[in-house]
Amino acid sequence: MQALSVAPPRWAISAYVRLRSLWQRWFLWLILAVLVSALLVTVVWLAGRHEVEQVQAALDRDTIDAVADLRIGLQRNAQSLRATQALGLDRTHWPEAAAALLREHREWLRLEWRDAALRPLAAVNTPYRARLIADDSRGADQSDVALACTAARKLGAPAYSPSHYVPVLGGAGIEVMELCVPMDAGGFLVASYSLRDTLIELVGPALTRGQEVAFTEADGTRLAALGTSRRTGTRVFTSQQLIDLPGNALMLRVDGWRAAPDLFPNVLTALVTAISIALVSVLVLLARDTRRRLRAERDLADALAFRKAMEDSVITGLRARDLQGRITYVNPAFCEMVGFTPEELMAGSGASIEAPYWPTELAHEYQQRQARRLAGGMPPREGFESVFMRKDGTRFPVLIFEAPLINAQRVQTGWMSAFIDISEQRRIEELSRASQERLQASARLATVGEMASLLSHELTQPLAAIASYATGSLNMLGPQASGPQAEVAHAVRRIAEQADRAGQVIRSVHDFVRRRDRTREAVAPQALIDAVLPLVRLQARKLGVNIQVVLEEQLPPAMCDRTLVEQVLLNLARNAMQAMDTPESHERLLRLRVARAVAVGGSGAEDVRRWLEFSVADFGSGISEEVAGRLFTPFFTTRADGMGLGLSLCRTVVEQHGGVLVFEPNQPRGTVFRFTLPSA
């Protein structure tokens, strides 16, 4: 019994509650850790954001300074071109002055002197490059120069043209921008800028280290670029500024790669990152511990659910009590067994309180037994039987097994009991006992059959001798006997008739025991009654019983074995008269009645006409319920000198004829036996 699965003890339930409470605390810690992590991530993000903003702000300042330097340099170059007018312009000296300017300004590719119609008068190329611009391509109809000079004529000031692409040998090329400066004496001075050289000469070298500087159009198309190319894995910071020139608009774009930040953001980022890593490590450890605890809780819940399902599925009742006798657990089988709910069983149960399933007459004995158990008395290992009471008051036997309830610390916390309802076992034992009795009765019947066969064989010869002596006596007296001899002849004739009747009865019993088919004949009901009346009247005179015979008119004959049916009538009549042989029986009347059967087997009128009902009624003390249940059992009798075979044989004879033998109380007192026979 120690191995039976029981409900979780209190320590298991408390452990489960502690695990659940611990899980809830860890859940709160997890929420707090998530909030702190979010705060630290926000701080890290703000620090990085501050660092990014600082880098972007520095790049924007550098871009603004570069644009200012570009504007100043371009204005200074335009003024240098205008200053050449003070020296006087002539075709002889102007090339020398232009060459001197080209040597000072590397960003220029070519200087041209054009008349008012934009026809070239003189031109000088930079000494720092191979000639890129051919003279024959610089006519008055060149669109870029025409645009710049047209704008300069309108403004009366230097103007610039949009950039255009000039191819060079090898398949490459450069972007060129034209500057047109109007002259006071008429005509124009045109300077061709190389955009890339302009970035080299007019943008500070510090800006191009670690960054990429480029001229772009308004739509982002890159025209010329200078600086360090982007390193892989770095972040790009971009700043753009508009260079609004007369006649042209350029964008200066500076792309910077993330350089070394300032000391403050770096230290803060490192500190926050370290704290975040530590916090993430703690969260990982906490998550692992939480998973282990949740797994343990889930395993415990699964084990509890498994044991609960197993306890609910068994048909054995289980009950747990603590050391004070209070019921702490019952399974559904026990509740179904006694008819009480768990709340009713566990409410107020104790050592001094009667359990609701204890029978009232046995409650004191059960209290003493429980007190001995709680005092440490060990129950028998093979169990013991007891009687419980259901909620509806019915009693039923149970087999109880008890064992001490031991917890994980090897300490006894109570008692565990298992209950088996043995009502069905008792019923089966009773059926087995009844079957044994029936087998014994059958054996006795077989013995009786053998004895009847033996007696029929042994009595046949004496009866035949009696009949022979009676016949011989009648022959000696002669047919003309008179006086006393006539009376003797009548008596001898009766002796011969009864000897012949005894022989027929013995042969009928012999055939009945041997289960031989009997020859049935149509016999009038009156003849059956008349055949048994002489013997019935003989016993009735001794007991002071009156006999009443009632027969319906125009009864059909019965199809039966005459001898056996007469024995049934005689046996029932004798039993009825013996039932009235008591001092309290004042009205001793035996009523023999024959009528058509009211209902036998079927429900139609034709079925009613096919049967006859014989009834034998007495006015005795009646039959009790206890006797009625065993009345037709072989060898069961209420008389000291009876064998208990009469009614059993009568029912067998009637059933062999297809009829039914029943009994019921007679009014106002006594019993009526009825049996049916088929009509001829």
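In which sense do strand β7 and strand β10 pair, and over how many bridges?

## The sheet

Strands β7 (residues 211-216) and β10 (residues 248-257) pair in the antiparallel sense over six bridges. Two strands count as paired if DSSP finds at least two bridges between them; strands (E, at least two residues) and helices (H or I, at least four) are DSSP runs, numbered from the N terminus. Within this pair, V213 stands opposite V254 of β10.

The open sheet has four strands in the order β8-β7-β10-β9, with antiparallel pairing. Its edge strands, β8 (222-227) and β9 (236-245), each pair on one side only. From one strand to the next, the twist averages 20 degrees.

## Basis of the model

The model is predicted: local features need pLDDT of at least 70, side-chain atom pairs count only at pLDDT 80 or more, and totals for chains, interfaces and linings use all residues. Residues are numbered from 1 along each chain as its sequence is written, and side-chain values use heavy atoms, leaving out hydrogens and water.

## Helix α2

Four residues of helix α2 (residues 94-104) are buried, namely W94, A98, L101 and L102; buried means under 20% relative accessible area, exposed over 50%, and partly exposed in between (1.4 Å probe, protein chains only). Seen down the axis of α2, these buried residues fall within an arc of 100 degrees, so they line one face of the helix. The arc is that of the directions from the helix axis to the C-beta atoms. The face turned away from the buried side of α2 carries the exposed residues E96 and E104.

Terms used. Axes fitted to C-alpha atoms, helices over the stretch in contact; angles between N-to-C directions.
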